[in-house]
Amino acid sequence: QHERWIDRSRQMPRTIYDWHHYLAVVQRKPGALRNGAPFADLPAGFRRLQDQILRRPGGDRDMVDILALVL
């Protein structure tokens with residue numbers, strides 16, 4: 001269980017997710033990594049790696065395994 005942050009400093013408030021909290025979910029459902037809101041704001045290095053890995057069959061599972069190493 002965790003809190004969700006809402007950034008109201010902009011004209012359009014946005015919810016800020018911590019992708020670490022959602023890692024257990026994508027380990028069960030790796031396809032959620034592609035379009036899940038918590039993973040839209042991954043650090044730039046992870047985004048570049050994800051762009052490369054997701055082009056391969058089984059890339060979703062591989063990317064989830066890499067992100068799990070961060071924890």
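**Notebook: helix packing and an aromatic pair**

I looked up the handedness first: helix 3 and helix 4 cross in a right-handed sense. The model I am reading is a predicted one.

Next I took the geometry of this crossing. Helix 3 and helix 4, the latter spanning residues 59-70, pack at about 155° with 9 Å between their axes. Angles over 145 degrees count as roughly antiparallel, so I put helix 3 and helix 4 down as roughly antiparallel to each other.

I then listed the residues that make the contact. Helix 3 supplies Phe 46, Leu 49, Gln 50 and Ile 53. From helix 4 come Gly 59, Asp 62, Met 63, Ile 66, Leu 67 and Val 70.

I searched for aromatic pairs and found one in the structure. Trp 19 and Phe 46 are edge-to-face, with 5.8 Å from centre to centre and 75° between the planes. I noted that the pair joins distant parts of the chain, 27 residues apart. Trp 19 sits in the loop between strand 2 (14-16) and helix 1 (23-28), while Phe 46 belongs to helix 3, residues 44-53.

I checked the accessibility of Trp 19. The cut-off for buried is under 20%, so Trp 19, at 7% relative accessibility, counts as buried.

Last, I recorded the figures for the whole chain. I count four helices and two strands, in the order β-β-α-α-α-α. Of its 71 residues, 28% count as buried. The accessible surface comes to about 5,300 Å², and carbon and sulfur atoms hold 50% of that. Among contacts with a separation of 6 or more, 38% are between residues 24 or more positions apart.

Conventions. Residues are numbered from 1 along each chain as its sequence is written. This is a predicted model: local features need pLDDT of at least 70, side-chain atom pairs count only at pLDDT 80 or more; totals for chains, interfaces and linings use all residues. Side-chain values use heavy atoms; hydrogens and water are left out. Buried means under 20% relative accessible area, exposed over 50%, partly exposed in between (1.4 Å probe, protein chains only). Contact means heavy atoms within 4.5 Å. Accessible areas come from the Shrake-Rupley method with a 1.4 Å probe; for residues, only the protein chains shown count as cover. Rings of Phe, Tyr and Trp (its six-membered ring) pair if their centres lie within 6.5 Å; planes under 30 degrees apart count as stacked, over 60 as edge-to-face and the rest as tilted. Axes are lines fitted to C-alpha atoms, for helices over the stretch in contact, and angles run from 0 to 180 degrees between N-to-C directions. Angles under 35 degrees count as roughly parallel, over 145 as roughly antiparallel, 65 to 115 as roughly perpendicular and the rest as oblique. A crossing is left-handed if the near helix is turned anticlockwise from the far one by less than a right angle, and right-handed if clockwise.
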